[in-house]
Amino acid sequence: MDSIRLTGIRAEAAHGVFDFEHAEPQPFIVDATMFLDLSEAGRTDDLTETVDYGQIAQRIVNVIEGEHVDLIERLAAKIADSILLSHRIRRVIVTVHKPNAPITVPFDDVSVTIERARDGYDDENPTAASIAASAAGSASVDTGDMTGTRADRSSDSEVSTPKVHSAVIAMGGNLGDVEQTLRAAVVAIDGVPGNQLTGISPLYRTAAWGMEPGTPDFLNAVIQVSTTLDQETLLAALQTIESAHGRSHDVHWGSRPLDLDIVDYDGEISADPHLTLPHPRAWQRAFVLAPWADLDPDARLAGPHGGRVTELLANTPDHDEVHKVSDGWILGGSVAEA
């Protein structure tokens with residue numbers, strides 16, 4: 001298997017067990033070796049046949065500078081998860097160095113090295129069974145046992161088929177190169193084992209309502225996904241993708257590089273505060289309803305505030321403040337200022 005190696009990626013953050021480590025940033029250095037098939041990239045000289053290692057490096061920095069962790073073991077695992085969001089990468093080795101670790105004897109470095117791979121994939125012998133497992137299993141998110149145990153099957157020759165669900169996911173952001181971030185997020189969501197993208201809305205621009213003057217506008221879109229993941233696992237996958245792009249969940253109402261929300265999941269209704277379905281404020285949000293209605297004019301939102309999405313959109317007070325800026329944004333190119 002071919003490989004790409006990044007070494008010496010540096011960033012400062014406040015990670016560690018001790019109280020002072022929660023407040024005082026210190027340097028962390030990361031090395032990452034990514035294993036993938038580069039034969040087509042070598043043959044065609046085409047960037048799309050490999051991975052953008054600049055983007056990978058930025059993901060590493062985003063995770064380091066993201067939410068606090070106590071252990072560099074956990075930091076290494078989060079970095080590996082973010083790297084495996086790139087579907088071409090089959091296996092990764094991550095080393096996290098903590099050169100200023102609070103150790104009372106002279107030392108040069110402390111580091112942790114972990115190795116992660118897409119479940120069921122054997123680099124040395126990628127049999128049909130292992131490739132199938134890779135497609136149905138989880139690269140960075142535990143998707144659970146989707147085939148059941150032998151005791152759960154009606155006979156030894158039968159294999160249960162995982163149930164396929166339909167989810168609507170709202171996307172947005174207003175920091176950094178938002179268009180590129182949204183495109184990368186779409187690729188990452190589609191690359192999560194068990195997911196298959198079925199629809200992408202046009203891109204919309206929305207003013208940063210209720211925020212400080214001068215706050216950048218948001219770009220928003222909606223995608224539809226068929227998935228074998230349950231709601232909680234899908235949510236965990238989306239939060240991993242958000243973190244890889246620098247989203248901190250300490251900020252709920254401010255600017256952010258990427259926001260991913262499950263708006264609808266099989267039309268289910270749930271009051272679980274961890275994942276309320278449908279999204280409790282979707283019926284009020286023109287920046288969700290407008291791209292959703294554009295993607296699926298017959299869509300309906302479930303729940304007590306539900307109804308036809310087109311009708312809900314017409315009744316939002318800000319429906320005239322959401323403007324379509326691109327139908328083909330997912331293909332690349334820059335969206336002109338609206």
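Nine helices and 12 strands make up the secondary structure of the chain. The model is predicted. Of the 338 residues, 47% count as buried. Among contacts between residues at least 6 apart in sequence, 66% join residues at least 24 apart.

**The four-stranded sheet**

- Four strands form an open sheet in the order S1-S2-S3-S4. Their pairing is antiparallel.
- Strand S1 (2–13) and strand S4 (111–117) are the edge strands. Each of them pairs on one side only.
- From one strand to the next, the twist averages 15°.
- Strands in a sheet pair through backbone hydrogen bonds, and the pairing can be parallel or antiparallel.
- Strand S2 covers residues 26–36, and strand S3 covers residues 91–97. Seven bridges join S2 to S3, and the two run antiparallel.
- Thr 33 has Ile 93 in S3 as its bridge partner.

**Helices on the sheet**

- Helix H3 (residues 53–64) packs on the sheet. H3 touches S1 and S2. The direction of H3 makes about 35° with that of S1.
- Helix H4 (residues 72–83) lies across S2, S3 and S4. H4 runs at about 145° to S3.

- Rolling a probe the size of a water molecule over the atoms shows where empty space is left.
- The second largest pocket holds about 580 Å³ of space.
- Its lining consists of 20 residues. Thr 48, Thr 50, Asp 52, Gln 55 and Val 187 lie nearest the centre of this pocket.
- H3 and helix H6 (178–191) are the elements that give two or more residues to the lining.
- H6 provides the largest share of the lining, with five residues.
- By residue type, the lining divides into nine nonpolar, seven polar and four charged residues.

**Helix H8**

- Helix H8 spans residues 286–295 and is mostly covered. Seven of its 10 residues are buried.
- The buried residues in H8 include Val 288, Leu 289, Pro 291 and Trp 292. Ala 286, Ala 290 and Ala 293 are buried as well.

Note on methods
Residues numbered from 1 in each chain as written. Predicted model: local features only at pLDDT ≥ 70, side-chain atom pairs only at ≥ 80, totals over all residues. Heavy atoms only, no water. Pairing = 2+ DSSP bridges. Axes fitted to C-alpha atoms, helices over the stretch in contact; angles between N-to-C directions. Contact = heavy atoms within 4.5 Å. 1 Å grid on protein atoms, 1.4 Å probe; cavity = no way out; pocket = protein on both sides within 12 Å on 5 of 7 lines; lining within 4 Å. Points joined across faces, edges and corners; volume = space filled by probe spheres on them. Nonpolar A, V, L, I, M, F, W, Y, C, P; charged D, E, K, R; others polar. Buried < 20%, exposed > 50% of the residue type's maximum accessible area, 1.4 Å probe, protein only.
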